[in-house]
Amino acid sequence: MKKEAKDTIIVELGEKLKAYPHFYLVDLTGLNAEKTSELRRKCFKNEIKMIVVKNTLLHKAMEASEIDFSPLYGSLKGNTALMFTQVANVPAKLLKEYKKEGIPALKAAYAEEGFFVGADKLEELVSIKSKNELIADVIALLQSPVKNVVSGLNAGGKIHGLLDAIAERNK
């Protein structure tokens, strides 16, 4: 591969590292063409951009980035595919489907501005909540006291009637 082509790939990888807030390093060793195509279709359906990269080119792109990706450098060995995503836990959920087979295997991830190195971090990545899930949780928490007040007000007529009856009896 010519130096110009390598430089172009490094620049493109650098742009993707900036464009996507989360990415996963995955080992695809052992996947045949059919399984790889199936994985690519699932990635496309889940809005995950998957590309296979050379480790040295990815390493250079990471070094050129504004973010210090040094904790991930040790994972850049063997066959590496990158999964770029806007939602941190979507690739983890996809990889969890394949966990029994062991292929593809998680090498490392950069999600929610944190580093997750090793296949044992998959469960942590699955449990990360997306922005929309967090917003839904906050809204549910905010609505809960309001629902209690409204139900109390609706039941207030019954309580008020009961208190009046008790007051009348005591006279």
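**Close-up views of the predicted model**

**View 1. His22 and its surroundings.** Apart from neighbours within four places in sequence, His22 is in contact (heavy atoms within 4.5 Å) with Met83, Phe84, Thr85, Gln86, Val87, Ala88, Tyr110, Ala111 and Glu112. The model is predicted: local features need pLDDT of at least 70 and side-chain atom pairs count only at pLDDT 80 or more, while totals for chains, interfaces and linings use all residues. Residues are numbered from 1 along each chain as its sequence is written, and side-chain values use heavy atoms, without hydrogens or water. His22 belongs to strand β1; helices (H or I, at least four residues) and strands (E, at least two) are DSSP runs numbered from the N terminus. With a relative accessible area of 6%, His22 is buried (buried is under 20%, exposed over 50%, partly exposed in between; 1.4 Å probe, protein chains only). The side chain of His22 reaches the backbone oxygen of Gln86 at 3.5 Å (a polar contact is a pair of N or O atoms within 3.5 Å, one able to donate a hydrogen and the other to accept it within protein; residues adjacent in sequence count only if both atoms are side-chain atoms).

**View 2. The largest nonpolar core.** This core has 23 residues, and Tyr24, Leu39, Met83 and Leu125 touch the most other members (a nonpolar core is a set of buried Ala, Val, Leu, Ile, Met, Phe, Trp, Tyr and Cys residues joined through side-chain atoms within 4.5 Å). Two or more of its residues come from each of β1 (22-27), α2 (33-45), β3 (80-85), α4 (90-97), β4 (105-111) and α5 (122-127).

**View 3. Met83 and its contacts.** Beyond its neighbours within four places in sequence, Met83 is in contact with residues that include His22, Phe23, Tyr24 and Val26.

**View 4. Asn89 in a loop.** Asn89 is placed in the loop between β3 and α4. Its relative accessible area is 3%, so Asn89 counts as buried. Residues up to four places away in sequence aside, Asn89 touches Tyr24, Leu125, Val126, Ile128, Lys129, Ser130 and Glu133.

View 5. Helix α1 spans residues 3-19, 17 residues in number. From first C-alpha to last it reaches 24 Å, close to the 24 Å expected at 1.5 Å a residue (the expected span is 1.5 Å times one less than the number of residues). Ile10, Leu13, Gly14 and Leu17 are its buried residues. Seen down the axis of α1, these fall within an arc of 105°, so they line one face of the helix (the arc is that of the directions from the helix axis to the C-beta atoms). The elements they pack against are β1, β2, α3 (55-64) and β3.

**View 6. Glu47 and Glu113, two loop residues.** Glu47 lies in the loop between α2 and β2 (49-53), and Glu113 in the loop between β4 and β5 (114-117). The phi of Glu47 is near 60°, a positive value in a residue other than glycine. Glu113, also not a glycine, has a positive phi of about 60°. Glu47 counts as exposed at 66% relative accessibility, and Glu113 counts as exposed at 70%.

**View 7. The protein chain as a whole.** The chain has 6 helices and 5 strands, in the order α-β-α-β-α-β-α-β-β-α-α along the sequence. Of its 171 residues, 33% count as buried.
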